Amino acid sequence: MKIYIPTLGRVDNQITFDNLPDKHKEQVVFVVQEHERPKHKRDVEYMVVGDNIGLSETRRQIFYVVGKNRFSLYDDDLVFYRRNIKYTTGSSDMEGSKRKMTESDFDEMYDTFNGWLDDGYIQCGHRETSLPPLGKLHHDNVGMFSGFTMNGELISKFIDDVDWTYTYVGQDSMWQIEFLSRGNKIRMSDIFTQKSEWWQEGGCSKYRDANMYNEEHRKLVKKYPEFVQESGSVTRKNIGEIISLKYRWRDAYKYGQRNSLEGFFEETK
């Protein structure tokens with residue numbers, strides 16, 4: 001399974017890649033803009049996209065390149081941690097509450113994720129390491145961000161029906177609403193977690209400011225009023241005051257399930 005890492009403005013600061021075990025670095029495809037390609041010297045596969053196209057368009061192109069294959073799509077600023085299973089089972093399996101993931105942890109994670117994809121999940125992801133444990137191994141049909149493992153075969157069934165660049169930022173929220181509202185399941189692991197360095201320099205921060213963030217995320221409120229509502233604001237480092245959104249992920253999934261059943265019965269009449 002390939003690991004696609006879109007990156008911009010961080011040639012010498014590849015947190016995700018540098019924290020992968022050597023074995024899994026061999027799976028990496030760096031997705032880089034044309035003007036930055038000569039600066040990248042790591043011995044991995046590269047996918048070159050046009051300059052100044054934004055992350056939403058970059059991810060859209062990845063979806064089409066991947067086709068029906070399974071793949072991981074990671075931001076370039078992630079560190080992965082395995083959480084102590086004691087919070088789920090009561091029996092500890094390590095010292096402390098967590099540890100950085102090892103090669104064997106990644107192997108186990110991908111075995112687990114592939115099993116979930118086999119069971120019909122369209123996307124697997126990770127709870128944020130800093131958040132408290134859920135008390136269970138995983139959580140279904142909730143939003144997740146920054147690191148994903150996906151089933152391209154399921155995405156390919158409706159890939160041409162989605163406006164993947166409807167928002168210039170916030171696309172991961174949008175596609176999860178699209179997945180769920182079409183009746184597809186997503187699952188977040190509480191054992192294989194991630195630490196995200198949001199709002200740092202480089203990447204989206206090259207073109208994203210608070211006004212853009214707010215305008216683009218309000219598009220989600222407009223497009224999916226049943227599933228996304230504005231709920232105040234919060235101040236974030238390096239960007240300023242941005243709106244907070246409440247996502248009704250499970251309502252989107254219930255909607256998708258109802259529509260799937262109605263479509264099934266229509267087809268069998």
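Mentor: A pocket, on a 1 Å grid over the protein atoms alone, is an open set of points where a 1.4 Å probe fits, with protein on both sides within 12 Å along at least five of seven lines; lining residues have an atom within 4 Å of a point. This is a predicted model, in which local features need pLDDT of at least 70, side-chain atom pairs count only at pLDDT 80 or more, and totals for chains, interfaces and linings use all residues. Residues are numbered from 1 along each chain as its sequence is written, and side-chain values use heavy atoms, without hydrogens and water.

Trainee: What is the volume of the second largest pocket, and which residues lie nearest its centre?

Mentor: Its volume, the space filled by probe spheres set on grid points joined across faces, edges and corners, is about 200 Å³. Of its 12 lining residues, Glu128, Leu131, Gly143, Phe145 and Met188 lie nearest the centre.

Trainee: Why is Thr58 called buried?

Mentor: Buried means under 20% relative accessible area (1.4 Å probe, protein chains only), and exposed means over 50%. Thr58 has 5% relative accessibility, and therefore counts as buried.

Trainee: What makes the length of α5 agree with that of a helix at 1.5 Å a residue?

Mentor: The expected span is 1.5 Å times one less than the number of residues. For the 16 residues of α5 (residues 103–118) this gives 22 Å, and the end C-alpha atoms are 22 Å apart, so the two agree.

Trainee: Which residues of α5 are buried, and why are they said to line one face?

Mentor: They are Asp105, Phe106, Met109, Tyr110, Phe113, Trp116 and Leu117. Seen down the axis, they fall within an arc of 130°, so they line one face of α5; the arc is that of the directions from the helix axis to the C-beta atoms. On the other side of α5, Asp111 and Asp118 are exposed.

Terms used. Helices (H or I, at least four residues) and strands (E, at least two) are DSSP runs, numbered from the N terminus.
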